[in-house]
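These notebook entries record what I looked up in the structure shown below, beginning with a pair of helices and ending with a sheet.

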Amino acid sequence: MAEVIRTGADDARAARGRGPRRGRGSADSAEGQAQGKGENELSEKVVYINRSAKVVKGGRRFSFSALIVAGDKRGRVGLGLGKAGEVADAIRKGGDIARRNMVNVALKEATIPHEVLSAYDGARVLLRPASPGTGVIAGKTVRAVLESAGVRDVLSKSLGSKNAANVAKATLGALQQLRLRQEIYRGRGLEARLKEAKETAPAA
């Protein structure tokens, strides 16, 4: 029979009332729970971080601003600009503002329902629907907003200003202008007529 050799560390654990070794079952389950929670949580992306300096009597005082995009990738997205004396605090504030200001976006499967053009100050953003498999054809700022909203196939073009804050706000404005066909019919009072036309249409 094989003899079990116990080391000094095992003896110390046994004296304290603990087992010889801790299993990794609890750690694995905790990791799985964390991954499950992470899937339900919102995703945040840092679009850009700006540093500004103020000249005071003792030298220069720096402050930071962070532009954050938050979204659930299922049709909800928000934008936030946080300012603080430290980068971490600015990112945290921007994330809180973005989560508070989230809006719903009308999507058609993995793309957008129709073409849209939006402007904010000097920035203009053009979005067009794309066929499945196209991907997000966009720059860094526009891509961050679109991916956070859940758009996976789209064509875009940024016109005018290259300011990241204005481009992001123009992109968010373009997404807010999107409307599905059913919403347009409902607003015009044509939903009942469409149902009647479908019912009276002869079967092929």
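I looked up the packing of H4 with helix H5 (residues 164–176): the axes come within 8 Å and cross at roughly 35°. Axes here are lines fitted to C-alpha atoms, for helices over the stretch in contact, with angles running from 0 to 180 degrees between N-to-C directions. Helices (H or I, at least four residues) and strands (E, at least two) are DSSP runs, numbered from the N terminus.

I noted that this is a predicted model, in which local features need pLDDT of at least 70 and side-chain atom pairs count only at pLDDT 80 or more, while totals for chains, interfaces and linings use all residues. Residues are numbered from 1 along each chain as its sequence is written, and side-chain values use heavy atoms, with hydrogens and water left out.

I then listed the residues that meet (contact: heavy atoms within 4.5 Å). Thr141, Val142, Val145, Leu146 and Ala149 of H4 meet Ala164, Val167, Ala168, Thr171, Leu172 and Leu175 of H5.

I turned to threonine 141, which lies in helix H4 (residues 140–149). Threonine 141 is buried, at a relative accessible area of 14% (buried: under 20%, with a 1.4 Å probe and protein chains only). Beyond its neighbours within four places in sequence, threonine 141 contacts Val47, Ala164, Val167 and Ala168.

Finally, I examined the sheet: 4 strands form an open sheet in the order E5-E6-E8-E7, with mixed pairing. Strand E5 (116–120) and strand E7 (136–137) stand at the edges with a single partner strand each, so one side of each has no neighbour in the sheet. E7 runs parallel to strand E8 (residues 154–160), joined by 2 bridges; pairing requires at least two bridges found by DSSP. Isoleucine 137 stands opposite leucine 155 in E8.

Key:
Buried means under 20% relative accessible area, exposed over 50%, partly exposed in between (1.4 Å probe, protein chains only).
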